[in-house]
Amino acid sequence: MENYSIIIFILAIVIGLSAFADTIKLPQPILLVMVGIAIGFIPTMNEIEINPEIIFLLFLPPLLYDASFNISPKDFKTNLNTIGTLAISLVFLTALGIAVLAHFIIPGMTWPLAFVLGAILSATDAVAAISITKGLKIAHKTITILEGESLINDASALVAYRFAVAAVMGSAFVIWKATLEFLLLLGGGFLVGFVMAKILSFILTRVHKNVNVTISFMLLMPFVTYLIAEHLHVSGVIAVVILGLAIARFSKKIFPESLKNQSRSFWDIIIFLLNGLIFILIGLNFRYILKDIDNSMILPYIGYAAIITIAALLIRMVRIFLQKINLQKAFQNTKRKRKVSEHALLDFNNSVILSWSGMRGIVSLAIAIGIPKELEDGTPFPERTVIIFISVAVVLLTLIGQGLTLPLIVKKFSTKENNDPKE
C-alpha cells in the first residue's frame, strides 16, 4: 500500500508540474527530473526500487508502439539510411569511444567494465528530445529521424551490453558470433512483430465497430508482442516497432475517423503519464545511488561523467556530419542510378539539431541498474556502483545540460529547415 500511495503521489506531481512547466516555459522533462531529485532528498521519502525488467515491460512497449504507429512509413523509408546509421553504427561506435575513454581516465575500469559502461550509454533517448522540442518549430524530417532512431537503437544497445557483461563474466568475445546473434535478434524480432501484426489485423477487422474492444486490443497487443519476443530470445523492441508500423498502415484503411480520434486521445494520456513517471523516477533514484559512493569520489566521478557526456556528443556530431557528406556524395554521383532521395539529404541546420538531441534517458538507467550484483562464482560484480553512478550522472547531465539548451539550438538553427521548399 505504501508503494501504491507513492506512485499515486508521483502521478499527481507529474500532472501538476506539467501544467506549471507550460506556465514558466520550461521543458517538462527538465522540471520533472529536477523535482524528482529534490523529492528524493526528502528524509522521510522511502526508496522506490526500480526493477529493470518491469521498466522494459511497462515503459518500452507502449512508448515504442506509439512512436512507430504515428511515424510516417514513407518518411521512415526515405530517411532509413540516416536512421540506420544513428540506430546501429553510431550506437556501437559510441560504445567503443566511451569504453576507450573510460578505460584510460577512470581508475579500476578494466576493458570489459569500460565496455559495459559504453554499452549502457550508447543509445540516446529520443523520448526526452521529442518531449523537450514539442511545440518548437522543428522540421518534420528531424522529428522523423529522431523517432526512427529511438525505435531501433535500444535493440543495438542491449546487444552491446549483453556481450560486454558476458566478457566481465569471463566469456570470450567472438565478433562473428556477436554479429550473428545481432542479426538473429533483429530478424526474429521482425518475424514476431509481423506475425502479431497479422493476428491483430485479423482481430480488428472483426471488432473495429466496437470502439472499446478495439482500443483495448491495441493497448494490450504491444505488451503481448514484447513478452512473446523476449520469451523466444529475440528483440522485443524490434517486434513492437514492426507491430506499430504495420498496424498504422492497416488502421488508415479500416478505422473510421471517430475511432482514430478516440484512440489518439487515449494514447496521448497514456504516453503523457508514462513520460512523466520516467523523468520523475530518474530524478528520484539519484539520492539512493549517491549513498553507495565514497564522498571523496563524488566530484571526480561527476567530472568523469561530464567528460564522457562531451565525448559522446562529439562522437554523435562527427558521425552525423559524416553522414551528411556521404548522402550528398551519393546523391551527386551521376555514374550510377541515384539511390538517395533529395528529401533524405541533411543540411547544416538539421545536422546540428540532430547532434544536440542525443540525450540519454530511462533505458540507460534501467540497463545500468540491471547490472548483475554477483559474478558466476559469487563474487561481487566489480565497480558496479561506480558504473551505475556515472551512468546516472551522464543521464542527468544530458537531460539537464543539453535539454535546457536544446530549445535555444532549435530556435537558432530551425529557420532554414522550415522554410526549405524541398521539405
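Colleague: Angles under 35 degrees count as roughly parallel, over 145 as roughly antiparallel, 65 to 115 as roughly perpendicular and the rest as oblique. So how do α9 and α12 run relative to each other?

Modeller: They're roughly antiparallel. Quick caveat: this is a predicted model, where local features need pLDDT of at least 70, side-chain atom pairs count only at pLDDT 80 or more, and totals for chains, interfaces and linings use all residues. Residues are numbered from 1 along each chain as its sequence is written, and side-chain values use heavy atoms, leaving out hydrogens and water.

Colleague: At what angle do the axes of α9 and α12 cross?

Modeller: Roughly 165°, and the axes come within 8 Å. Axes are lines fitted to C-alpha atoms over the stretch in contact, with angles from 0 to 180 degrees between N-to-C directions. α9 covers residues 140–169 and α12 residues 236–254; helices are DSSP runs (H or I, at least four residues), numbered from the N terminus.

Colleague: Is the crossing of α9 and α12 left-handed or right-handed?

Modeller: Left-handed, meaning the near helix is turned anticlockwise from the far one by less than a right angle.

Colleague: New topic: where's Leu-96?

Modeller: In helix α6. Leu-96 has a relative accessible area of 42%, so it's partly exposed (buried is under 20%, exposed over 50%, partly exposed in between, with a 1.4 Å probe and protein chains only).

Colleague: And Gln-328, which helix?

Modeller: α15, residues 298–332. Gln-328 is partly exposed too, because its relative accessibility is 29%.

Colleague: How far is Gln-328 from Ser-265?

Modeller: Their C-alpha atoms are separated by 40 Å, and the two sit 63 residues apart along the chain.

Conventions
Helices (H or I, at least four residues) and strands (E, at least two) are DSSP runs, numbered from the N terminus.
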